[in-house]
Amino acid sequence: ALLAQAPGSGFVLAPSPGLFLAVRPPSESAMSFQYQTGVAGVQAGGVAVGGSGRAMVGGVGGVGVGGVGVGGVGVGGARVVGGGVVGGGGMGVGPGVGVGVGGGASCGTAENCVAACVCAPPPGPAVMTFVGQGVGDYSTETNYKYVGMGRGDLAMVAPSRMIWGRVACVSISLAVLLILVILLWPHPFTTTTTTFVPHWTTTPPPHHGECTFWGDPHLKTFDGSRPSFYGAGEAWVIKSSTISIQARYMGTKYTKGLAATNAIVVGGSFMQGHTIEVGTLESRVLLIDNQPALQSFGTVHVAAGITVTYNQAGNLVDAAAGVWSKHVVHMELPSGVRVTVFRWNNYIDLRITMPGGHHIDGACGNFNGNPADDTTEAIQQRVGARVGPGDLLFRSRATVHISATEQALLASPQCRAKYTTAYAACQAELPGAHKSAMDACILDHCYGSNEHTLRYAKGMGL
């Protein structure tokens, strides 16, 4: 058998003139043997020496298969001599020398000789085997091939994050957010507010205002002032170019002659020529255009925009009157004016609501936003102490009586100190008035700023 190198095929072993065994070069991924026939397979004697990395004999035990060559017996597949390493069924590679003898027998090793003699079959293909660190000729490289979703036995799996790491992350984020909210939240500033009474030149009145009368009498103007009118007689409650509302003040035995509101009458051009008058329950006065109306609970439509309802409904002006049964007259009037009258046995309470801007004056004030100019004296100086001749809406004037308590109040030091000024003012406001009317006017000037004059009189033993 002859051993020689075939171009591109490593070494060939020719067991017979027409047959040779080709050994693949070490660059191939596996070692294998293949029998081929042909003239090219004939090798005549001589020695073929493999170069470095070319002479390879695979298989466990290093046994190659040879055949009978011309001139003698050739044993192929001999164990590589000269540095080749065989380990446990692995592949030997190295710069060994293959020897072929042209005219006689040649054995690479005793094992090969024995194998040739007994005609043993060739060894199996070489497999990659771990031979120890620094001993082998190859190193491991791992490659993966994608074969389709769900078709392989390997997958890319990311390691799961620890739950406590997530909890810590969320906790830190919430803490930072809370700190930012606390730092960025707007904080109120401490300011000092000084309260003062405005003095309007051009008044921006509120959209709606409320004026109330109750008791003996207590009064609150649209602007919040608290004047009092203790003298008997008819006076302006609201006076404007279109709205006319008048009240009658009369003393009672419970107020020692000091006036309470006894009746009210509504008229003026905004009423389209109609009038509505309401008095106490004792007086039995409830008149529409001077005619009795609503002698029992019910509703009357007087004209367009004018409706009068009599019932037991309504929020009291004076909570102390809640012990009595309510008899309430509700007037729905033009220009957004509402008048509610609570009728008691010998006096009335009332509530008036209306929008501003009507340029009014009277006991309810001038509705200019300034309560300071709604004193009793200022109001009477502007509109008069009593309703003048020709302006009276009541059918007649009531007779004015000055009670003993009122006379004592007029003679008290408090009033005597103001008497001269009060008398001069009442003469101007009530020219030609009777003495009782003058005394009633002076009483208002002396005590109009004291809404508890009845208490004051009782304290004097009157």
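Colleague: Is Gly267 buried or exposed?
Modeller: In this predicted model, Gly267 has a relative accessible area of 1%, so Gly267 counts as buried. The cut-off for that word is under 20% relative accessible area.

Colleague: Where is Gly267 placed?
Modeller: Gly267 belongs to strand β13.

Colleague: Which residues is Gly267 in contact with, leaving aside its neighbours within four places in sequence?
Modeller: With those neighbours set aside, the contacts of Gly267 are Thr242, Ile243, Ser244, His274, Thr275 and Leu393.

Colleague: How many residues apart in sequence are Gly267 and Ile243?
Modeller: They are 24 residues apart in sequence, while their C-alpha atoms are 6.6 Å apart in space.

Colleague: Back to β13. Which strand do four bridges join to β13?
Modeller: The four bridges join β13, which covers residues 259-267, to strand β14, which covers residues 276-279. The two strands run antiparallel. Within this pair, Ala263 stands opposite Gly279 in β14.

Colleague: In what order do the strands form the open sheet?
Modeller: The sheet has six strands in the order β11-β12-β13-β14-β15-β16, and their pairing is antiparallel. The edge strands are β11 (233-239) and β16 (291-292), each of which pairs on one side only.

Colleague: Now a change of topic. How many disulfides does the structure hold?
Modeller: The structure holds three disulfides.

Colleague: Let us take them in turn. Which residue does a disulfide join to Cys211?
Modeller: That residue is Cys364, and the distance from S to S is 2.0 Å. The pair links distant parts of the chain, 153 residues apart. Cys211 is in strand β9 (residues 208-214), whereas Cys364 is in the loop between β21 (348-355) and α3 (376-383).

Colleague: Why is the disulfide of Cys211 and Cys364 left-handed?
Modeller: The disulfide is left-handed because the torsion about the S-S bond of Cys211 and Cys364 is about -90 degrees.

Colleague: Are these two cysteines buried or exposed?
Modeller: Cys211 is buried, at 0% relative accessibility. Cys364 is buried as well, with a relative accessible area of 0%.

Colleague: What about Cys415 and Cys446: how many Å apart are their sulfur atoms?
Modeller: The sulfur atoms of Cys415 and Cys446 are 2.1 Å apart, and the two residues form a disulfide. Cys415 lies in helix α5 (residues 413-416) and Cys446 in helix α7 (residues 435-447), so the link ties together parts that are 31 residues apart in sequence. The torsion about this S-S bond is about 65 degrees, and the disulfide is therefore right-handed. Both Cys415 and Cys446 are buried.

Colleague: And the pair Cys426 and Cys441, which helices do they lie in?
Modeller: Cys426 and Cys441 form a disulfide with sulfur atoms 2.0 Å apart. Cys426 lies in helix α6 (residues 419-429) and Cys441 in helix α7, so this pair ties together parts 15 residues apart in sequence. The link is left-handed, with -90 degrees about the S-S bond. Cys426 and Cys441 are both buried.

Colleague: You mention α7. At what angle do the axes of α3 and α7 cross?
Modeller: The axes cross at roughly 140 degrees and come within 8 Å. The two helices are therefore oblique to each other.

Colleague: Which residues of α3 and α7 meet?
Modeller: Thr376, Glu377 and Gln380 in α3 meet Cys441, Asp444 and His445 in α7. The residues of this contact divide into one nonpolar, three polar and two charged.

Note on methods:
Residues are numbered from 1 along each chain as its sequence is written. This is a predicted model: local features need pLDDT of at least 70, side-chain atom pairs count only at pLDDT 80 or more; totals for chains, interfaces and linings use all residues. Side-chain values use heavy atoms; hydrogens and water are left out. Two strands pair if DSSP finds at least two bridges between them. A disulfide is a pair of cysteine sulfur atoms within 2.5 Å. Buried means under 20% relative accessible area, exposed over 50%, partly exposed in between (1.4 Å probe, protein chains only). Axes are lines fitted to C-alpha atoms, for helices over the stretch in contact, and angles run from 0 to 180 degrees between N-to-C directions. Angles under 35 degrees count as roughly parallel, over 145 as roughly antiparallel, 65 to 115 as roughly perpendicular and the rest as oblique. Contact means heavy atoms within 4.5 Å. Ala, Val, Leu, Ile, Met, Phe, Trp, Tyr, Cys and Pro count as nonpolar, Asp, Glu, Lys and Arg as charged, and the others, Gly among them, as polar.
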